[in-house]
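This report describes the fold of one protein chain. It takes the sheet, then the helices that cover it, then the core.

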Amino acid sequence: MDFADQNQNSAPGSTQAAKLSTVRKGPDAQSVAKRLQTELMQLMTSPAPGVSAFPGADGNLMAWTATIEGPDDTPYVGLSLKLSLSFPTNYPYAPPTVLFKTPIYHPNFDFSGRICLDILKDKWTAAYNIQTVLLSLQSLLGEPNNASPLNGEAAELWDKDPAEFKKKVLARHRDIDDE
């Protein structure tokens with residue numbers, strides 16, 4: 001049965017014809033919830049080393065807390081970093097809003113926890129998921145993009161004085177409780 005057969009009983013301009021010709025713009029709430037549940041199951045059944053994320057205690061699937069463990073051979077080794085993830089109603093067609101809740105000193109993160117990472121902005125695609133975002137952030141901890149810093153001082157210290165950079169990382173960091 002082709003589209004013409006499906007539309008044969010609809011007069012031009014009728015409500016039925018309008019429904020058939022309507023193009024959906026992004027996911028509905030049910031498909032967003034299903035996608036997030038699928039991603040949660042992936043994180044639980046096939047966890048990546050050093051990253052985790054879960055919906056908040058209130059059960060709201062649209063707001064998660066994530067943890068990234070500082071990778072070896074970086075100034076963040078041994079540190080646990082908490083983040084918040086807030087998902088838009090058109091996820092995964094738009095990126096989540098991701099913020100560091102743990103105070104962090106880094107060239108690509110500002111003191112408000114905002115992140116400069118292309119996949120959270122103009123390079124986002126629906127192929128990305130929570131795990132890929134967290135792994136990208138974990139990688140960025142050891143390989144900052146100093147060509148596009150949010151914190152110019154941190155970018156300069158990263159390149160010129162690693163010992164001072166590490167001191168500032170440790171001075172800025174403090175563990176926070178899950179909220």
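Strand 2 and strand 3 form an antiparallel pair with seven bridges; two strands count as paired if DSSP finds at least two bridges between them. Helices (H or I, at least four residues) and strands (E, at least two) are DSSP runs, numbered from the N terminus. Within this pair, A66 has L83 of strand 3 as its bridge partner.

The model is predicted, so local features need pLDDT of at least 70 and side-chain atom pairs count only at pLDDT 80 or more, while totals for chains, interfaces and linings use all residues. Residues are numbered from 1 along each chain as its sequence is written, and side-chain values use heavy atoms, with hydrogens and water left out.

The four strands make an open sheet in the order 1-2-3-4, with antiparallel pairing. Strand 1 (51–55) and strand 4 (97–100) are at the edges with a single partner strand each, so one side of each has no neighbour in the sheet. On average, neighbouring strands are turned by 25° against each other, direction ignored. The table lists bridge partners in the sheet.

| Residue | Partner |
|---|---|
| A66 | L83 in strand 3 |

The covered face of strand 4 carries V98 and F100, and its uncovered face carries T97 and L99.

**The chain and its helices**

Six helices and four strands occur in the protein chain. Their order from the N terminus is α-α-α-β-β-β-β-α-α-α. Helix 3 (residues 29–45) lies across strand 1 and strand 2 (63–69), at about 140° to strand 1. Helix 4 (residues 130–142) lies across strand 1, strand 2, strand 3 and strand 4, and runs at about 35° to strand 2. Axes here are lines fitted to C-alpha atoms, for helices over the stretch in contact, and angles run from 0 to 180 degrees between N-to-C directions.

Helix 5 and helix 6 pack at about 135°, with axes 6 Å apart. That makes helix 5 oblique to helix 6, where angles under 35 degrees count as roughly parallel, over 145 as roughly antiparallel, 65 to 115 as roughly perpendicular and the rest as oblique. Residues in contact (heavy atoms within 4.5 Å) include L157 and W158 of helix 5 and P162 and F165 of helix 6.

**Core and surface**

Of the 179 residues in the protein chain, 37% are buried, meaning under 20% relative accessible area with a 1.4 Å probe, protein chains only. A nonpolar core is a set of buried Ala, Val, Leu, Ile, Met, Phe, Trp, Tyr and Cys residues joined through side-chain atoms within 4.5 Å. The largest such core has 38 residues, and W64, I115, I130 and L137 have the most contacts inside it. Helix 4 gives the most to this core, with six residues.

Which residues does L137 contact, leaving aside its neighbours within four places in sequence? They are I68, L83, V98, F109, I115 and L117.

Notes:
Buried means under 20% relative accessible area, exposed over 50%, partly exposed in between (1.4 Å probe, protein chains only).
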